[in-house]
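Colleague: I'd like to learn how to read the features of a protein model. Could we go through one together?

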Amino acid sequence: MTDDVASQVIKAEQERIHCLLEVDRDTYDRLHAAEYRLCNPTGTVWTKAEYLDLLTTGRVAYRELELIGDVDAIVGTDVVVLRYRCAIELTVDGADIPRHEAWHTDVYTDAGGTWRCAWSQATGMMDLPSAAP
């Protein structure tokens, strides 16, 4: 049962990523809970409506958004937490953000048999200089 739920939510996350690339409003609405919040790598938090507005106006435009490697899942009774690495390339307010990797953590809740993303956290990964010997 746990593996089935994890697979179902991972599939929903893959569909959600695709809808962000394609700016598919119907899929976006179906897969995001009303209380959805995204905390992006700058620390800014967007509501479901704010994020959709940014996507539909082109202020945020993904050129690449792709899962890298496996997706880890913690499955509860009515909550699933996903964690994975993602490659991202996008434009924000006209500024090109070059391809980089980020960790994503997404919390899904069960809304009467439909899993919807309630919270997303994206954390950018940086290459730090090596420490001096």
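Modeller: Let's begin with strands: two strands pair if DSSP finds at least two bridges between them. Strands (E, at least two residues) and helices (H or I, at least four residues) are DSSP runs, numbered from the N terminus. Here, strand β5 (residues 95-111) pairs with β6 in the antiparallel sense, over ten bridges. This is a predicted model, where local features need pLDDT of at least 70 and side-chain atom pairs count only at pLDDT 80 or more, while totals for chains, interfaces and linings use all residues. Residues are numbered from 1 along each chain as its sequence is written, and side-chain values use heavy atoms, leaving out hydrogens and water.

Colleague: What lies between β5 and β6?

Modeller: Two residues, as the strands form a hairpin; G112 in the turn has a positive phi of about 65°. D110 has W115 in β6 as its bridge partner.

Colleague: Which way do β1 and β6 run, parallel or antiparallel?

Modeller: Parallel: four bridges join β1 (residues 32-39) to β6 (residues 114-124). C39 stands opposite Q121 in β6.

Colleague: Why does R16 count as buried?

Modeller: Buried means under 20% relative accessible area, exposed over 50%, and partly exposed in between (1.4 Å probe, protein chains only). R16 counts as buried because its relative accessibility is 3%. R16 sits in helix α1 (residues 2-22).

Colleague: Which residues does R16 contact, leaving aside neighbours within four places in sequence?

Modeller: Contact means heavy atoms within 4.5 Å. For R16, the residues in contact include L31, Y36, D106 and S120.
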